[in-house]
Structures are given as structure tokens and as C-alpha cells.
Amino acid sequence: MAQTEIAKSESNIFTYKKSASVLLIARDFEKCLEVCKEVLRLRRLGNLEDKNGSTTENENLSLKLSQYEETEHLIVILIQAFAELERWEEVLPYITDYYQGIENVSAYVLKLCLLLHARVREYSICSAIYNIWMRANAQSWSDQEDISMLVDVYIKHVLIPTGKASEVEGFLRSTQLDEASQQKLLSAYEEVIQKSRALGSSVEDEEKEKKKVSQHNSQAFLG
């Protein structure tokens, strides 16, 4: 890429990045999407150029961190714009393509994807992207708070709405969270878990009673 084009791209990125937030606040979601996609396109081109650049290791690390933060900020705005336009089904393909796999997104971006698909009751998609990300990152991710955040979101917006509150304890034991974090989340959902178990026991008792009545009626009829 020519140096003049690189400079132009960086200038455009700076300008567009500011306007994307303004457009979101102004509720011009179509234009906001257009701007976000253009900035992310330019950022991707910039990243490709950086790989062939002559920056020092420290300069490159600082640049990558800055670009990572800028990219995440734009991705968050893009997801919000898609959601406002009720075009939620376009989010995951775009995110997956941009990051070259859902396992490469940040914990916060994954959280937004989970919330978005849970809102439209696409729970199977929630489970799929959660499991893919956790398999790739749970053991190596340095921030336990990120993992705890995602586990919490999954419990609250996937397990409980799908009637699996009674499975929360076992689910927590299967995560990479430490004992204290598991207990904290377990305590937060203890009431819901107990209600689910009580309801399950009540349903089981009703089924047993129905079976007894049915057997009694059959015996009376035959006898």
C-alpha cells in the first residue's frame, strides 16, 4: 500500500470513528453501519500493512493495543446499530468473518452476541458460540472476571429461560472458574435454583399421583 494511501486511511479512520458514535446517538443507524464497516475495512488494510512495516517491537505492541481498542469500540457500535435495525442475523456472520472465528473476539463482544441472540430466543446459537469461545480461551484467558461475566450471562439468559435452572450448579462446576467465583454465582441464583427444583419435585409428585389413579381405575374396571 502506498504511503499516501496509508496516511489517507489513518485520517479517514480518525474522522469516521468519531462520526460513528455521533450517528448512533442521532439514531441514523443505516449511516452508522456504513461508517463502521468502512472504518473496519480501513483498519483491516492498516493491519495488513503493519505486518510488513518497520516499527520496533514496543512501538508495534503499543500500536496493536490501540488498534485493538479502536476496533472493539467500532464493533460494539456496529452491533448496536444492527440490533436497532432488527438485523440481528447479520451480526454473527460479520463478526466471525472480521475476526476470522468467533473464538478470536473479546469477552465483551461475545457477551453482546450472546445477549443479542438470547433476546430473539436463538438459544442454540448462544450455546454454540459460548462453547466455541470457552474451548479456545477459558484455560488461557488471564482475566477471571471476563470468564465470570460470560458464565453469568449464559446462566441468566440461556439456562434459566430454557428451564434449566436446576442444572446451574453442575454447569458451574464444569467451568474454569475458581471455587470462590463459582460459589458467588451459585449464591446469586440460589433462589431460582431452589424454585426450579421445588417445581420439578411437584411435577414429579403429580405424575406419580396420576399414575396411581390410573392404575387404580384400571384395576377397578378389570375387577
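Residues are numbered from 1 along each chain as its sequence is written, and side-chain values use heavy atoms, with hydrogens and water left out. Because the model is predicted, local features need pLDDT of at least 70 and side-chain atom pairs count only at pLDDT 80 or more, while totals for chains, interfaces and linings use all residues.

The predictor's confidence in each residue is given as pLDDT, from 0 to 100. Its mean over the protein chain is 81, and 73% of the residues reach 70 or more. Residues 1-7 stay under 50, and the model has five contacts for them beyond four places in sequence; a contact means heavy atoms within 4.5 Å.

The largest nonpolar core has 59 residues. Such a core is a set of buried Ala, Val, Leu, Ile, Met, Phe, Trp, Tyr and Cys residues joined through side-chain atoms within 4.5 Å; buried means under 20% relative accessible area, exposed over 50%, and partly exposed in between, with a 1.4 Å probe and protein chains only. Ile75, Ile79, Ile95 and Val151 touch the most other members. Helix H3 (residues 57-84) gives the largest share of this core, nine residues. Helices (H or I, at least four residues) and strands (E, at least two) are DSSP runs, numbered from the N terminus. Apart from neighbours within four places in sequence, Ile75 contacts Leu40, Tyr94, Ile95, Tyr98, Tyr99 and Val109.

Val151 leads on to helix H7 (residues 144-159), where the buried residues include Ile147, Val151, Tyr154, Ile155 and Val158. An α-helix has 3.6 residues a turn, so residues three or four places apart point the same way. The buried residues of H7 pack against helices H5 (107-119), H6 (123-137), H8 (168-173) and H9 (179-188). At the start of H7, a side-chain oxygen of Asp143 comes to within 2.9 Å of the backbone nitrogen of Glu145.

Helix H9 contains Gln182, which counts as buried at 6% relative accessibility. Not counting residues up to four places away in sequence, Gln182 touches Leu172, Arg173, Thr175 and Leu177.

The whole structure has zero disulfides, a disulfide being a pair of cysteine sulfur atoms within 2.5 Å. Cys32 is in none, and the nearest cysteine sulfur is that of Cys36. The two sulfurs are 4.2 Å apart, too far for a bond. Cys32 is buried, with a relative accessible area of 0%, and Cys36 is buried, also at 0%.

Terms used
Polar contact = N/O pair within 3.5 Å; in protein donor to acceptor, adjacent residues only side chain to side chain.
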